[in-house]
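User: I am new to reading protein models and would like to go through this one slowly, by question and answer. Could we begin with a single residue and then widen the view?

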Amino acid sequence: MSHLALRQVTKQFGSVKVLHGVDLDVRDGEFVVFVGPSGCGKSTLLRIIAGLEDASSGEIHLDDRQVNDVSAADRGLAMVFQSYALYPHMSVRQNLAFGLENSRMPKTEIEARVMEAARMLLIEPLLNRKPGQLSGGQRQRVAIGRAIVRRPGIFLLDEPLSNLDAELRVVMRAELAALHKRLAATMIYVTHDQTEAMTLADRIVVLRDGRVEQVGTPLELYNKPANRFVAGFIGSPRMNFIDASIARTERGSGLDIGGKHHAAWGLDLPHGSPVTLGVRPHEVDITEVEAGAMALEITLVEQLGAETVLHAKTTLGGAFTLTSPGQGRFLVGDRIGVALPPDLHIFDSEGQAVSRR
Amino acid sequence: MSIVSETRGQAPSLSIVLAAPLRLVMGALNAPMSFVQRRFGLGGMGAVFLAPNMLIFGVFVLIPVAINLAYSFTGGMAIFFGERHVVGFEQYRTLFACGDYTQPATCREDAFWQSIHNTIFFVLVQVTVLVLAALGTALVLNREMRSRGFWRAVFFFPVLLSPVVVGLIWKWILQRDGLLNAVLVDYGFDRTLWLAERNWAMFWAIFVSVWAHLGFYALILLAGLQAIPRDLYEAAMMDGTGRLRTFWRITLPLLWPNLLVVITLALIRAVQIFDEAYVLTGGGPGTSTLFITQYIYETGFAHVLRNLGLASAASILMGVVLVGLTLLQLMASNRRNREGNR
């Protein structure tokens, strides 16, 4: 187990800056997930921690030791690659043992560790096979096993599940969570899949364009997104965004949504300021068209059994998604109204969450 | 196929115009083709399409090989087969008549055995040096380096030269009043007869052929190196694998199929060594760089006593060796395909 601290880490490839000063602390035994869209710098950040890339500036501390100039091998970390990176010409056993042999560990110790990892991951029967003879899920286990045998300070996992089919991904996700508990290891996990992030993470780091947008527990990010990007990225189906403006009337402060007044408290912005409202699909109630804060026309109905997902367009032309519990009887073309919840997410024109008094 | 795909997204009028003559030809071929198909059946069409190529292959390869074999059982100086007399295995007996195969001078055809000795020495040294040099070059070119494309071109350039040109260039450099001696004399050294001293002549024959072929093999190995995923090296790096161990345990095993192809191809080509060496040294001094192909050529065509029978027998023997090496190469590449498919 190790802890990690990043201080103002930047990375530049030629003239392209891919990381703009990342600060982060990862505690002992924590499961931290880096999440963000493609090209946000999450994999680069992981590779910098691993020592496979050098940071252009900033400091990397492992257990209070600055490791910027320490080689990947000497950082005591293990990485699971997206492609698994198994040596194709070696058996599973040799793949697991290869890293340990480098450290001139006694043979009996190597064998013991290989067997322990193989038992843990249920790959004992595969030890004499070559990677080419394994299924995707089995290769994934071997790749994780190769990290486990080294007993690293931190496990670094770079989109480890993205090459698996959807069903297997769910299974392996649960196993990874169990493994984390069992090993009590520090893990840093990179994914672009917010569901993986939500289900696995102790804390999530949301990255965009080389900047940390927000760090927090899954529910913190879900309930109190710091900005519009995080709000849109975390949660499925995605949060709806509605253009509105601040309306101060004799009745107090409120919001003007397409000409309709909507009460809202504690907003410090001046009258007329443009804002964006964020509403999660399950937070709205369906009403009669006239009674709702907004009128919608349904464009697509997805029956999931336990709930119904409705895709609709607003009278202003924007798209809106909402869910209704159970198996609602909706038809494409139906017009419905929606009542907005009292505690809307409100973002200013910069996209930052507006705090309420 | 290509016409159809090119039509997409482009002005259709142009491709229709371009395709028109093709359509005309194809239309004209329709009737004869259906006649041929009726005649030979659908299954026979494969053979029909192969026939032209087989005809060329037969006329220029198979039939000459058969003629060659037949000639090796005949004697005399006549060129036409009908005028030659059959001697059975006499030519082979002549070639193999020898007191001690390790001492060419004790053999009846001492030049033949000398050329075999020279060829074996040449093949062993040249292939070893060539493969190691090609591997080294490929490893260097595979690194991230400035103007990599330029360096690749530099090493590949000699491959584009005709072997005779290669021989002439180096002869011009190495001959008595050549470039190398001129430079040496300028710097106060003595002239060396690079091509007229036994050991130097062999050295330069090997050097020049390595120089001429290096780029080709380096390119094959470079392709193999680039096919090794970078992830594997990164995984090895995370595992703390040293550079030498990474090379032995990861690079070499994964490059092995390419290396095997390179070794066998280099072997086959080294056994066939002729043009560069012939132009460069002419087999000399004496017979010190006389290789088997040159022996065959001179025995059959250049010598005043044209001994076509003996030359044919020698070339059949050489052919057997080459077939053996080719089978080796086929086995190597078959194994590679099987492993690739798994």
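This is a predicted model: local features need pLDDT of at least 70, side-chain atom pairs count only at pLDDT 80 or more; totals for chains, interfaces and linings use all residues.

User: Is Ala270(B) buried or exposed?
Analyst: The relative accessible area of Ala270(B) is 2%, and a residue counts as buried when that value is under 20%. Since 2% falls under that cut-off, Ala270(B) is buried.

User: How many Å apart in space are Ala270(B) and Val210(B), C-alpha to C-alpha?
Analyst: Along the sequence, Ala270(B) and Val210(B) are 60 residues apart. In space, the separation from C-alpha to C-alpha is 9.7 Å.

User: Let us turn to chain A. How many helices and strands does chain A have?
Analyst: The C-alpha atoms of chain A fill a box of roughly 80 × 45 × 35 Å along the principal axes, and of its 357 residues 52% count as buried. Among contacts in chain A between residues at least 6 apart in sequence, 64% join residues at least 24 apart. The secondary structure of chain A comes to eight helices and 20 strands.

User: Where is Thr308(A), and which backbone oxygen does its side chain reach?
Analyst: Thr308(A) lies in strand E17, residues 307-314 of chain A, and it counts as buried because its relative accessibility is 0%. Its side chain makes a polar contact with the side chain of Gln303(A) at 3.0 Å. The side chain of Thr308(A) also reaches, at 2.8 Å, the backbone oxygen of Gly326(A).

User: Which kind of aromatic pair do Phe229(A) and Phe233(A) form?
Analyst: Over all chains the structure holds 29 aromatic pairs, and in the pair of Phe229(A) and Phe233(A) the rings are 5.6 Å centre to centre, with 20° between the planes. Because planes under 30 degrees apart count as stacked, this pair is stacked.

User: Why are Phe229(A) and Phe233(A) separated by about one helical turn?
Analyst: Phe229(A) counts as buried at 16% relative accessibility, and Phe233(A) counts as buried at 17%. As for their spacing, the two belong to helix H8, residues 228-233 of chain A, and they are separated by about one helical turn because they are four residues apart in that helix.

User: Which parts of chain B does the pair of Trp194(B) and Trp204(B) link?
Analyst: Trp194(B) and Trp204(B) form an edge-to-face pair, 5.8 Å centre to centre and with 80° between the planes. They are 10 residues apart, and the pair links distant parts of the chain: Trp194(B) is in the loop between helix H7 (179-186) and helix H8 (198-226), whereas Trp204(B) is in helix H8 of chain B.

User: Which residues of chain B do ring pairs link into a cluster?
Analyst: Trp194(B) counts as buried at 9% relative accessibility, and Trp204(B) likewise counts as buried at 9%. Both of these residues belong to a cluster linked by ring pairs. The members of that cluster are Trp170(B), Trp194(B), Trp200(B), Phe203(B), Trp204(B), Phe207(B) and Trp211(B).

User: What area is buried between chain B and chain A?
Analyst: The contact takes 16 residues from chain B and 24 residues from chain A. In chain B, Met238(B), Asp239(B) and Arg249(B) lose the most area to chain A, together 36% of what that side buries. Carbon and sulfur atoms give 58% of the total buried area, which is about 1800 Å².

User: How many salt bridges does the rule find across the interface of chain B and chain A?
Analyst: One salt bridge is formed by Glu101(A) with Arg245(B), whose closest N and O atoms are 3.2 Å apart. Between the two chains there are also 12 residue pairs in polar contact. For salt bridges across this interface, the number found is four.

User: Which helix gives the largest share of the side of chain B that touches chain A?
Analyst: Helix H9 (230-238) and helix H10 (243-271) of chain B each supply at least two residues of that side. By class, this side of chain B has eight nonpolar, two polar and six charged residues. The largest share, eight residues, comes from H9(B).

Notes: Residues are numbered from 1 along each chain as its sequence is written. Chains are lettered from A and ligands numbered from 1 in the order in which they are written. Side-chain values use heavy atoms; hydrogens and water are left out. Contact means heavy atoms within 4.5 Å. Buried area is the accessible area (1.4 Å probe) that two parts lose on being put together, summed over both. A salt bridge is a side-chain nitrogen of Lys or Arg within 4 Å of a carboxyl oxygen of Asp or Glu. A polar contact is a pair of N or O atoms within 3.5 Å; within protein, one must be able to donate a hydrogen and the other to accept it, and residues adjacent in sequence count only if both atoms are side-chain atoms. Ala, Val, Leu, Ile, Met, Phe, Trp, Tyr, Cys and Pro count as nonpolar, Asp, Glu, Lys and Arg as charged, and the others, Gly among them, as polar. Rings of Phe, Tyr and Trp (its six-membered ring) pair if their centres lie within 6.5 Å; planes under 30 degrees apart count as stacked, over 60 as edge-to-face and the rest as tilted. Buried means under 20% relative accessible area, exposed over 50%, partly exposed in between (1.4 Å probe, protein chains only).
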